Amino acid sequence: MSTQGEILWVDDEIDSLKSQILFLKNKGYDVTALSNGHDALEFLKDKNVDVVLLDESMPGLTGLETLARIKESQPNLPVVMITKNEAENIMEEAIGGQITDYLIKPVNPNQVLLSLKKIMDTKRLVSEKTTLAYQQDFRNLFMALNDNPNHEEWKELYKKLVYWELEMARSDSEQMMEVLQSQKTEANNEFYKFVSKNYASWIKNKNGDAPLLSHELFKRKVAPHLQQGTPTFLVVIDNLRFDQWRSLQPTVNESFRTVEEDMFYSILPTATQYARNALFAGMLPVEIEAKFPLEWKNDDEEGGKNLYEETFLRHQLKQLKLDHLKTQYLKITNNEHGKDLEDNIHNYLNNDLTVIVYNFVDMLSHARTEMEVLKELAGDEVSYRSLTVSWFEHSPLHRALKKIADKNIQVLITTDHGTVRVKTPSKCVGDRQTTTNLRYKHGRNLQYEDKDVLAFRDPREAGLPRPNVSSTFIFAKGDIFLCYPNNYNHYVNYYRNTFQHGGISLEEMLVPVIRLQSK
């Protein structure tokens with residue numbers, strides 16, 4: 001018979017509690033009864049229990065001393081303190097020592113039962129409630145998917161999927177998480193069709209029905225909020241997905257109020273050198289190449305591809321007649337730069353606009369494919385989010401922003417593109433000049449599976465430069481990654497389940513733009 005849970009009850013008058021212990025056993029709990037703290041600590045060395053019921057006033061090792069020792073070795077083990085004494089200082093000490101609940105003697109059996117249920121069933125009840133609510137919403141999501149959503153409705157749909165993904169991760173419901181993942185896969189298939197059908201017309205934007213794309217972001221979401229005398233910080237954390245933003249939000253909101261939360265569509269390829277250059281230049285890549293032929297570099301050319309962001313930004317500010325604003329541009333690519341930012345953050349309050357490009361998430365996701373330890377740490381979305389939160393909480397960026405949170409400032413947080421966990425390989429053949437990216441490629445004589453990619457034989461239709469007369473661009477859909485046939489199995493095993501970007505998925509294309517103000 002399955003047990004309701006393992007309970008350890010420690011009280012120097014344990015014999016007088018026989019009726020309460022019998023009551024719990026009849027309710028299906030396994031109860032071990034001990035009469036002092038020393039025996040309890042010995043017992044816990046070898047045995048796992050779900051909850052400890054602990055008497056506060058025991059001779060020898062007191063309840064509070066026992067509690068402290070339990071927490072040293074098992075910080076997450078729930079402990080319920082049972083006390084004769086309602087004295088405030090004892091309760092404060094117990095609560096400071098991380099008790100989960102407390103009961104006043106004489107305890108009646110139902111009180112104990114209620115406390116155990118509260119501790120042990122909360123997670124199960126939350127999980128059941130989440131599962132039920134998702135099941136009810138599942139149909140609505142399904143109908144919305146089949147209702148030919150427009151670009152605004154796609155943002156709402158994706159927000160909902162992210163909401164449920166975060167709720168499911170909290171409630172630990174594996175079965176429902178699988179249902180949600182298959183719904184997300186279906187959503188990505190439909191989204192791919194939607195983008196394939198409309199992308200070329202968005203780039204032309206003749207009818208004005210395009211979503212907000214990377215090259216319009218600064219003009220539409222940043223410029224209207226810039227004013228002399230109010231310092232604005234634009235923080236571009238590259239590779240930041242919407243679900244990662246939602247995970248960081250509670251930490252950010254300790255210091256700042258979220259005034260506006262929106263998404264925009266990253267241009268294709270969803271890769272730094274295209275999407276971020278477009279963001280700063282306020283132009284599509286094909287226009288940047290025409291205007292700045294020396295600064296623009298194609299994938300197959302030597303040299304850094306994002307070295308001129310500041311040049312592009314200053315040109316855009318001039319176009320928008322904002323070049324009178326005092327502007328500073330900073331790029332943080334390692335922890336030392338981060339420390340400099342933290343140490344000098346007060347000096348930037350003299351600027352009207354400080355742009356901070358933070359490369360951390362990019363370093364993490366690229367490192368994720370290179371380093372086995374990171375493969376272990378960020379093996380799925382849940383751990384990838386948790387790693388991002390853990391980084392942000394301890395980052396110089398977070399400390400720097402906290403230092404100036406009491407000043408009258410506004411902060412905009414955004415990104416260049418997101419990233420998707422790739423699972424499905426697709427064969428692709430090209431000549432020596434073909435680019436090496438896993439989610440998009442351009443080259444001559446590319447051979448690929450038509451069903452797996454969106455292809456532009458004329459890259460200009462996608463707003464992209466044409467490296468060669470016969471260059472084709474292809475973008476992978478959903479969770480597909482492009483592999484060459486030689487050494488195929490090695491590459492498939494090496495890159496499967498890594499986070500990549502450059503292609504067409506909700507996670508890569510629908511990315512956050514957030515406006516915050518000091519509280």
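Phe138 and Phe142 lie four residues apart in helix α5 (residues 109–145), so about one helical turn separates them. Helices here are DSSP runs of H or I with at least four residues, numbered from the N terminus. The model is predicted: local features need pLDDT of at least 70, side-chain atom pairs count only at pLDDT 80 or more, and totals for chains, interfaces and linings use all residues. Residues are numbered from 1 along each chain as its sequence is written, and side-chain values use heavy atoms, with hydrogens and water left out.

**Aromatic pairs and clusters**

- The structure holds 25 aromatic pairs, a pair being rings of Phe, Tyr or Trp (its six-membered ring) with centres within 6.5 Å; planes under 30 degrees apart count as stacked, over 60 as edge-to-face and the rest as tilted.
- Phe138 and Phe142 form a stacked pair, because their ring centres are 6.3 Å apart and their planes meet at 15°.
- Phe138 is partly exposed, at 29% relative accessible area, and Phe142 is partly exposed at 36%; buried means under 20%, exposed over 50% and partly exposed in between (1.4 Å probe, protein chains only).
- Tyr163 and Trp164 form an edge-to-face pair, since their ring centres are 5.0 Å apart and their planes stand at 70°.
- Within this pair, Tyr163 is partly exposed at 40% relative accessibility, whereas Trp164 is buried at 7%.
- One aromatic cluster is made up of Trp154, Phe191, Phe194, Tyr199, Trp202, Tyr265, Tyr274, Trp296, Tyr440, Phe456, Phe473 and Phe475.

**Charge over a ring**

- Lys427 places its charged end over the ring of Tyr488, 4.7 Å from the ring centre; the criterion is NZ of Lys or CZ of Arg within 6 Å of the centre and within 35 degrees of the ring normal.

**Helix α10 and its partner**

- Helix α10 (residues 272–281) packs against helix α12 (residues 309–319) at an angle of about 35°, with the axes 7 Å apart; axes are lines fitted to C-alpha atoms over the stretch in contact, and angles run from 0 to 180 degrees between N-to-C directions.
- From α10, Arg276, Asn277, Leu279, Phe280 and Ala281 meet Glu309, Phe312, Leu313 and Gln316 of α12, where contact means heavy atoms within 4.5 Å.
- The residues of this contact comprise five nonpolar, two polar and two charged; Ala, Val, Leu, Ile, Met, Phe, Trp, Tyr, Cys and Pro count as nonpolar, Asp, Glu, Lys and Arg as charged, and the others, Gly among them, as polar.
- Helix α10 is mostly covered, with 10 of its 10 residues buried, including Tyr274 and Arg276.
- Gly282 follows α10 and has a positive phi, near 70°.

Definitions and conventions:
Helices (H or I, at least four residues) and strands (E, at least two) are DSSP runs, numbered from the N terminus.
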